[in-house]
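Thanks for coming, everyone. Let me put the structure up, and then we will go through domains and helix packing.

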Amino acid sequence: DTQPSENRAGTSAKDLEISFRNHMTHTVGRPLENSSILDQYHALAAVVRDRMMDQWLETIENYKQHNVRVLGYLSAEYLLGPHLENALLNLDLRPQMEEALKNVGLDLATIAAEEPEPGLGNGGLGRLAACFMDSLSTLDVPVLGYGLRYEFGIFRQEIVDGWQVEKSDKWLQYGNPWEIGASTSYEVCFFGHTETYNDDQGLLRHRWVPEHTVKGIPYDTPIPGYQTRTVNRLRLWKAAAVDSFDLSIFNSGDYMGAVRQKMESETISKVLYPPDEQIQGKRLRLMQQYFFTSCSLQDMLRLHCMRGEKLSTFHEKWTIQLNDTHPSIGIPELMRLLMDNHNFSWDDAWNVTQKTFGYTNHTLLPEALERWPLDLFGGLLPRHLEIIYEINERFLDDMRSRYPNDDARMRRMSIIGEEGERSVQMAKLAVIGSKAINGVAELHTQLLEQDTLHDYYETFPERFSNKTNGVTPRRWLMLSNPCLVDLINETIGTRWHKDLYGLRGLEHFADDKNFLARWRQAQEGCKSSLAKYISQNLSITVDPASMFDVHVKRIHEYKRQHLKALHILSLYCQIKNGTLKNPTPTTYLFGGKAAPSYVMAKLMIKLVCSVADLVNNDPATRDVMKVVFLPNYSVSLGQHIYPAADLSEQISTAGKEASGTGCMKMMMNGAVTIGTLDGANIEIRKECGEENFFLFGLTAPQIADTLHAGYQPRAYYERSPLLKEVMDGITSGRFFGGNSATFAPLVDNLLSWDPFFVLADFDSYDTVHTQVSDAYRDTNAWGRMSLLNTARSGKFSSDRTIREYCRDIWKLPVG
Ligand code: 26M
């Protein structure tokens with residue numbers, strides 16, 4: 001045999017080529033000459049995965065040996081995005097891999113484009129979890145990420161005649177080379193009733209007699225850190241029928257019935273829920289939450305015992321972070337496991353539980369706070385409801401002694417909401433059961449403390465803190481913007497790769513005209529590439545020299561994509577009637593998904609697409625403005641869009657966007673922000689300097705005052721001729737070929753109610769946009785702003801965020 005022997009950990013181009021050929025034969029089972037790109041992707045993924053396995057085993061062995069404290073990160077969503085190129089970057093394999101593939105006549109980028117992206121999240125919250133996993137590994141922090149292995153992730157969005165159409169996301173259909181099945185499994189129970197009994201010692205005990213049991217099977221994904229040997233584990237649970245089903249088939253003879261029950265067990269991890277307008281009260285959603293949380297807790301308890309530790313020290317060896325309230329059922333579940341299964345007293349169990357959990361809140365919108373109707377909750381999880389009642393009683397007893405004769409306060413602080421249908425309010429449970437509670441940006445934390453969670457903040461101020469979000473510069477700068485990164489490395493070296501504050505070194509070049517020209521050149525490369533994508537996929541021609549004005553994020557009224565659509569229409573009117581003589585050529589880019597049942601959000605997409613049809617086809621405007629709605633906004637599309645952004649639109653109603661993280665990705669890539677004083681915008685403006693940020697709109701207190709004084713949106717319409725012309729143009733059908741019916745609900749909503757103050761902020765937005773357009777024409781001044789945005793984006797690395805969590809909440813050392 002003349003075949004050179006294979007080294008599965010080898011990292012030279014030759015090693016990689018040999019492994020690739022081997023995997024093509026032995027893993028994929030195809031001759032290289034006849035392989036499809038998908039085959040090549042699977043062989044390549046196997047090659048890369050091999051390079052992580054030694055380090056992965058080493059990492060876990062190392063945690064065991066040193067009996068280290070570990071973080072359990074619980075999240076219902078992980079919006080990971082494609083693995084391949086990220087793993088190559090973090091493992092430092094990219095150049096050799098490109099060479100190895102070239103030697104067999106293949107192109108890395110082409111193959112990488114075949115990877116279906118694991119879209120196991122809806123938006124910001126899920127993507128934050130993914131950025132955190134990257135930073136945790138990069139900083140050598142011991143973590144086990146836990147979540148759900150949805151068979152169908154976020155739907156694929158198509159746009160048909162301007163309307164969103166949802167298609168199912170079959171991301172697993174050709175197999176997932178990045179996951180490793182594990183042999184452990186756990187059982188999770190539902191329904192039934194509770195009873196009391198006397199144990200051997202005659203003590204009164206509680207137990208749950210459930211009616212239904214499912215099995216949780218773990219699938220592990222390695223998470224490699226950047227330039228470190230740490231490879232952490234993301235463990236996602238799949239639901240399956242318990243084995244006893246097979247026995248019942250045999251005994252009952254009802255084969256079809258038993259198979260149906262098997263399928264019903266599997267529905268628990270079938271599909272990711274979108275954050276619907278009507279999110280409350282979906283039983284399957286609660287089943288998902290309990291399912292993955294219980295599996296994860298059982299897993300941590302088992303690992304704890306395997307280390308020879310007693311359960312009374314659980315909180316010393318583990319800290320568990322709840323990514324929003326979705327896993328907050330973990331609080332009564334840990335109580336139940338400790339009391340009912342391990343004989344803990346209430347006080348001992350509470351001591352461990354309350355010292356274990358931390359809770360991150362991600363929203364202030366009251367309609368998005370989770371509440372479960374009591375009958376639904378008690379029917380599914382009767383023992384947990386009992387435990388929650390007791391947590392609540394003990395807590396309210398304590399509060400009554402602190403605040404005597406304050407019934408209103410007791411009602412406000414009770415976990416059980418009495419208004420309307422009685423319900424379990426999960427945010428309150430999470431606050432009461434946690435040692436630490438945090439918001440995700442300074443303003444958001446202030447609003448939590450002063451408003452949403454004020455009663456609790458007043459009582460335990462020391463438990464509250466802010467942890468401003470961040471994003472991983474590996475994926476969002478190094479991976480997505482290689483041209484800019486080459487320029488940065490050449491200019492200030494590579495120290496910034498592991499400490500993003502190092503980008504400050506770029507400030508020295510802010511007035512260097514030659515450097516700014518190269519900066520601009522790199523950005524134009526990204527813009528041309530996106531322009532090519534748009535022309536190939538949407539048949540719209542956009543000018544890479546025009547200003548790229550980008551608004552990408554979930555579609556929601558509070559994020560106000562319609563404010564931007566109205567503004568584009570106002571420019572259209574001004575160009576048509578000759579009042580705007582010399583507009584700055586601009587390409588307006590939108591992208592984002594609407595929840596399938598969110599009618600107004602879907603109408604907002606239709607509005608954007610209709611505006612696009614109008615201005616892209618009118619000879620008076622089409623050479624100076626283009627409007628593009630990019631379908632199926634996702635992590636991989638984001639990687640293509642952010643580097644091409646000149647202007648970042650962050651225009652939510654002040655006080656509504658908890659943080660926002662897209663704003664950070666664009667800032668890092670050199671986009672200048674136009675934004676309200678909301679979420680992380682405030683901190684972005686503070687970091688980059690007021691003169692490098694375009695501010696508009698009412699502040700959060702002004703919004704509150706306006707509402708209090710009786711907001712009359714119609715008054716703004718009457719007062720602003722420009723706004724009036726736009727609204728009337730929609731209503732009359734003038735813009736849209738005589739169609740006046742489609743957008744009537746949107747226009748009526750804005751004129752009579754306008755819950756997100758679109759009309760109140762319209763004039764201010766228009767004024768500041770005029771300043772933006774003027775500023776963009778001064779190439780050097782704009783380049784300076786752009787450069788300073790990148791140079792001052794260090795704070796928004798998720799490495800900084802994770803360091804703060806480790807120091808203040810998790811009490812974990814960082815590497
Ligand atoms: C709830 C019930 C049923 C189905 C879905 C949901 C649900 C899922 C996700 C509700 C909310 C969800 O996410 C909230 C979210 O993404 N919040 C965002 O979190 C980001 C990270 O902290 C912030 O940057 C954003 O401002 C915030 O909107």
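What distance separates the centres of domain 2 and domain 3, taken over C-alpha atoms? The answer is 35 Å.

Two housekeeping points. This is a predicted model, where local features need pLDDT of at least 70, side-chain atom pairs count only at pLDDT 80 or more, and totals for chains, interfaces and linings use all residues. Residue numbers start from 1 along each chain as its sequence is written.

Now the domains, with bounds from an automatic or database domain assignment. Domain 1 is 1–66 + 92–114. Domain 2 is 67–82 + 117–469 + 802–810. Domain 3 is 475–796.

Next, the interface. In domain 2, 38 residues are in contact with 32 residues of domain 3. Contact means that C-beta atoms, placed from the backbone, lie within 7 Å. On the domain 2 side, at least two residues each come from α6 (124–138), β5 (156–160), β6 (163–167) and α17 (442–452). Helices (H or I, at least four residues) and strands (E, at least two) are DSSP runs, numbered from the N terminus. That side of domain 2 has 14 nonpolar, 15 polar and nine charged residues. Here Ala, Val, Leu, Ile, Met, Phe, Trp, Tyr, Cys and Pro count as nonpolar, Asp, Glu, Lys and Arg as charged, and the others, Gly among them, as polar.

On to helix α9, residues 283–306. Its 24 residues should span 34 Å at 1.5 Å a residue, and the end C-alpha atoms are 34 Å apart, so the two agree. The expected span is 1.5 Å times one less than the number of residues. After α9 comes Gly308, with a positive phi near 75°.

What does α9 pack against? Its partner is α11 (residues 330–341), at an angle of about 45° with the axes 10 Å apart. Axes are lines fitted to C-alpha atoms, for helices over the stretch in contact, and angles run from 0 to 180 degrees between N-to-C directions. That makes α9 oblique to α11; under 35 degrees counts as roughly parallel, over 145 as roughly antiparallel, 65 to 115 as roughly perpendicular and the rest as oblique. From α9, the contact uses Thr293, Ser294, Leu297 and Leu301. From α11, Gly330, Glu333, Leu334 and Leu337 take part. By class, four are nonpolar, three polar and one charged.

Last pair: α1 (residues 13–28) and α2 (residues 37–65). Their axes come within 8 Å and cross at roughly 120°. These helices are therefore oblique to each other.

Conventions:
Two residues are in contact if their C-beta atoms, placed from the backbone, lie within 7 Å.
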